[in-house]
Amino acid sequence: LCSCKIFGVAPDWVNTSLPAGFTSQAPFVSFFTTLKSILTFEYIIFSPNITWFLLSWSYLTFFPYAVDSASTWNNVGYRLVVNIVMSFAYYAFFYYGLYVANWGKRKFYPGNYPTLGNLAHNIWYWFLGVLQWTCYEIAMQKLWSSDLFPTPPTFSEIKASPQLLALNAFVLLLIPVWRDVHFYSAHRFLHIRPLYRLIHSLHHRNTDPEPFSGLCMHPTEHLYYYSNALFPCIYISGLSPLVFHFLFFHLVFAPAAGHSGFEDHFGSDQYHAIHHAKFEANYGSPNSAFIDRFFGTFRETLGKSEEYKGEWKEGGEKKKQEEQEASKKLVWSAHSYLGCWSSVSQAIYDSSVIFIATLACYYVNLGDLNERESTLLAVAVSLGPVVSGMFINKFISKDKMNQAWPFHKEPVGFYYTVISGGLFCVLPVYHFVKLAASC
């Protein structure tokens, strides 16, 4: 059943006579294609989104949130265990099906597989992602149980109110669209030179990802990636906890299939596989490809691109492939191993992040900070990782490259990246931490 329905079948648009990843996506992505998908609800019905929504609803039904203070802090360990078990089962299902049972046949890089050391690296950072997800959940439950934040409506209250029902249905339907918009902006933001070197490069250690690569990120990247769930949930009252949970479920579970390394299964994502292979291209998803096209960063295939105008060059990749072929050895990822820091700059940056995270956990748990104290903590958590990264990269690493790279030649694209990153990533984290530390 699994190999027939979930594995072993490529998307309809894929030309299976070509190698995996070499079918051009150009004819299938555009602004009008995306608009049609939204207006006809194809993006919900004929996509993994409906599956993730149903799974999220079931998850929250069996493991509901607590909305009173005592229950919130008493179930921290319980919530973490549930999140680890449920998400690990989902990720392991795809890993087993593709890398153990061989139910997938169209691998983007055939014959190239992660080592146990690579898996240990990916699962460790995956675990940190689940841990931070749980911290967000506990802090949000703390807000719901406080006097500073409206108590979320129950399902019964939503069903009894046409206004609440319409609001929640509208927001739930928009979540996949908002995920695309936020992910594109946050992703470009993390590709700015200082942030890429100290934060996002960890995720890109996997040029040929496997399922656990999807959530294998630096904790700072988790912070901004998860800010997607904050933008509606702390600014709009009357939303069900299901909205918050579905956003996080989408954020945590969707990357498993999208980073599989294979083309022929449920939820496969050639668009993002190209990004991992070519780095400075395809920052979003097929639904946001029209933005990549506007900025010249769209690549339609793993092969030669007729549309790409960005900064990534083919030379380095060809040299690497030639060296591997000459040695008759494929290296999945030479850098995806746990160990000491690779540089003094990285050690200083990570130490600063650990310090900020410790402060955040302590003072959010303590609560009742005054206006000045909560503001300082919120600035440190939301903006500190960016400012310290820029300072360390420029003055300690002494990086000679343009700090706006790879967007230094496109002023509109650079300012879009900085402004949208500030609005969609930094600002929601600031407001969330300030609220959580005040109650």
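User: Where does Ser 185 lie in this predicted model?

Analyst: Ser 185 sits in helix α9, which covers residues 162-189. The model is a predicted one.

User: Why is Ser 185 called buried?

Analyst: Buried means under 20% relative accessible area. Ser 185 has a relative accessible area of 1%, so it is called buried.

User: What makes Tyr 416 a contact of Ser 185?

Analyst: Contact means heavy atoms within 4.5 Å. Residues up to four places away in sequence are not counted, and Ser 185 then touches Tyr 416, Ser 420 and Phe 424.

User: Why is Leu 195 called buried?

Analyst: The relative accessible area of Leu 195 is 3%. The cut-off is under 20%, so Leu 195 counts as buried. Its place is in helix α10, residues 193-198. With residues up to four places away in sequence left out, Leu 195 touches Phe 189, Leu 190, His 200 and Val 386.

User: How far apart are Leu 195 and Thr 220 in sequence and in space?

Analyst: They are 25 residues apart in sequence, and their C-alpha atoms are 9.5 Å apart.

User: Which residues touch the most other members of the largest nonpolar core?

Analyst: Met 140, Leu 215, Tyr 226 and Phe 248 do, in a core of 86 residues. Helix α13 (residues 241-258) gives the largest share of this core, 13 residues. Beyond its neighbours within four places in sequence, Phe 248 is in contact with Trp 133, Tyr 136, Tyr 226 and Ala 229. Another core, of 6 residues, lies apart from the largest one, and its members include Ala 20, Ala 273, Ile 274 and Leu 302.

User: How many cavities of 30 Å³ or more does the search find?

Analyst: The search of the whole structure finds 1. The largest cavity has a volume of about 40 Å³. Among the residues lining it are Phe 108, Asp 208, Gly 261 and Leu 302.

User: What makes up the lining of the largest cavity, by class?

Analyst: The lining has 6 nonpolar, 2 polar and 1 charged residues. Asp counts as charged, so Asp 208 belongs to the charged class.

User: Where in the chain is confidence lowest, and where is it highest?

Analyst: Confidence is lowest in helix α1 (residues 2-5), at a mean of 45, and highest in helix α11 (residues 219-226), at 98. Over residues 317-328 the pLDDT is below 50, and this stretch has 9 contacts in the model beyond near neighbours in sequence. Where pLDDT is low, predicted coordinates should not be read in detail. For the chain, the mean pLDDT is 91, and 94% of residues reach 70 or more.

Notes. Residues numbered from 1 in each chain as written. Predicted model: local features only at pLDDT ≥ 70, side-chain atom pairs only at ≥ 80, totals over all residues. Heavy atoms only, no water. 1 Å grid on protein atoms, 1.4 Å probe; cavity = no way out; pocket = protein on both sides within 12 Å on 5 of 7 lines; lining within 4 Å. Points joined across faces, edges and corners; volume = space filled by probe spheres on them. Helix = DSSP H or I, 4+ residues; strand = E, 2+ residues; numbered from the N terminus. Buried < 20%, exposed > 50% of the residue type's maximum accessible area, 1.4 Å probe, protein only. Core = buried A, V, L, I, M, F, W, Y, C linked by side-chain atoms within 4.5 Å. pLDDT = per-residue confidence, 0-100.
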